[in-house]
Amino acid sequence: MSFVLVTCQPGVEAALKDDVARDRPGLRLAFSRPGVVTFKSDDEVSAEVERPSPWARVWARSLGRAVDAEAALAALPADARRLHVFARDPETAGAADAIAAAVAALRAVDDARFAPGVVAEAGELCADVVVAPGEPWLVGVHRHGRGRSPHPGGALPVEVPPDAPSRAYAKLEEAIAWAGLAVAAGQVAVEIGSAPGGAAHALVRRGVEVWGVDPGQMDPAVLALVGPGGARVHHLAETLASVRWEALPRAVDWLLADVNLAPPVLLHGLARLVPAWRRRLRGAVLTLKMNDVAMRRGVPTWLARVAALGFTDVQLTHLPSNRQELCVIARP
Ligand SMILES: C[S@@+](CC[C@H](N)C(=O)[O-])C[C@H]1O[C@@H](n2cnc3c(N)ncnc32)[C@H](O)[C@@H]1O
């Protein structure tokens, strides 16, 4: 009997299970707690297991529960040299102590077994040890590769400057890190839904000229920022539907959208603007609001519509800073 171990942001388990029930008939729900779900598989599960849902943060071959370090080490393959210990629910009291205690216990038994550091390299086997205070550990193994975070638990650490006006700063930096986007000084971005300016702040700090479209107010401090090469943020107080494409730059490298609009409305609006930019566009980072089951179940349709905008490489994930929303990264 083989199992898949999946972790997610606590609170999105229902969306994850719904995806698996619909798309992966070979997987049956085995165990569920906030932040972790396991599935029994008809087929042998390997460390290269396919991502079962975009809501998954870590997906691995499950090696079962372990009550102590000896049991965990006995279950793990010897070549799983990258140790990833993380909390099932990072918000639980005592989670950080539980992680530290597990790392210390595992390394005390056999320190030479694991590589130093936690950041996985492509192709490496990672030992996943999921901890929660007062519970046995859950152990799994996965191979690091495209679409996965190299950090324990699918984390994407971002340092947010104290003057960043919204969590969108972290969201955008996480998207850049997750997908390895080549965002560089001298490029131009258009952002639909730019207020108050967290993402614009992140881009201008990188030297990207930003054109923000939003009927809401931008933070004056973001509008006053001057980044490398003189990069600035320009604000058009318009909506996606009302903005005239002639008011936006002709040459655009990055399209961002983070608006309180349902995905079909957002994609309809973007279809009017994108053709003018297609020649130079390097990619799009789109937040899709998943406020109800119909929007979640429409994901294959929304992705097909993103592809129809002229993107051939379309990826979907749930970033650490996303809530009831998914992040699409699309590249030509
Ligand atoms: C989550 S916030 C965006 C955060 C922003 N990306 C940042 O970095 O700070 C959503 C924004 O979408 C804007 N919005 C809602 N409907 C819109 C529309 N039809 N066109 C453009 N912006 C819209 C709202 O005014 C709001 O500022």
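Counting contacts between a Lys or Arg side-chain nitrogen and an Asp or Glu carboxyl oxygen within 4 Å, the total comes to 21 salt bridges. Please keep in mind that this is a predicted model.

- Glu 44 and Arg 61 join their side chains in a salt bridge, with N and O 3.1 Å apart.
- Glu 44 sits in the loop between strand 3 (36-41) and strand 4 (58-66), while Arg 61 belongs to strand 4, so this pair ties together parts that are 17 residues apart in sequence.
- Why does Glu 44 count as exposed? Its relative accessibility is 65%, and exposed means over 50%.
- Arg 61 has a relative accessible area of 24% and is therefore partly exposed, as that class lies between the 20% and 50% limits.

- Are Lys 171 and Asp 258 buried or exposed? Both Lys 171 and Asp 258 are buried.
- Glu 325 makes a salt bridge with Lys 289, and their closest N and O atoms are 2.8 Å apart.
- Because Glu 325 lies in strand 14 (residues 325-331) and Lys 289 in strand 12 (residues 283-289), the pair ties together parts that are 36 residues apart in sequence.
- Glu 325 has a relative accessible area of 3% and is buried; Lys 289, with 14%, is buried too.

- Seven strands make up an open sheet with mixed pairing, in the order 10-9-8-11-12-14-13.
- Strand 10 (233-236) and strand 13 (313-317) are at the edges and have a single partner strand each, so one side of each is left without a neighbour in the sheet.
- On average, and ignoring direction, neighbouring strands of this sheet are turned by 15 degrees against each other.
- Strand 9 (residues 209-213) pairs with strand 10 in the parallel sense, over four bridges.
- Within that pairing, Trp 211 has His 234 in strand 10 as its bridge partner.

**Helices on the sheet**

- Helix 4 packs on the sheet and touches strand 11, strand 12, strand 13 and strand 14. The direction of helix 4 makes about 50 degrees with that of strand 14.
- Helix 9 (residues 299-308) lies across strand 12, strand 13 and strand 14, and runs at about 145 degrees to strand 13.

**Helix 4 against helix 5**

- What angle do helix 4 and helix 5 (residues 198-205) make where they pack? The angle is about 55 degrees, and the axes are 6 Å apart.
- Helix 4 and helix 5 are therefore oblique to each other.
- The crossing in which helix 4 passes helix 5 is right-handed.
- On the helix 4 side, the contact involves Ala 168, Tyr 169, Leu 172 and Glu 173. They meet Gly 198, Ala 199, His 201, Ala 202, Leu 203 and Arg 205 in helix 5.

Terms used
Residues numbered from 1 in each chain as written. Predicted model: local features only at pLDDT ≥ 70, side-chain atom pairs only at ≥ 80, totals over all residues. Heavy atoms only, no water. Helix = DSSP H or I, 4+ residues; strand = E, 2+ residues; numbered from the N terminus. Buried < 20%, exposed > 50% of the residue type's maximum accessible area, 1.4 Å probe, protein only. Pairing = 2+ DSSP bridges. Axes fitted to C-alpha atoms, helices over the stretch in contact; angles between N-to-C directions. Contact = heavy atoms within 4.5 Å. Parallel < 35°, antiparallel > 145°, perpendicular 65-115°, else oblique. Left-handed = near helix turned anticlockwise from the far one by under 90°.
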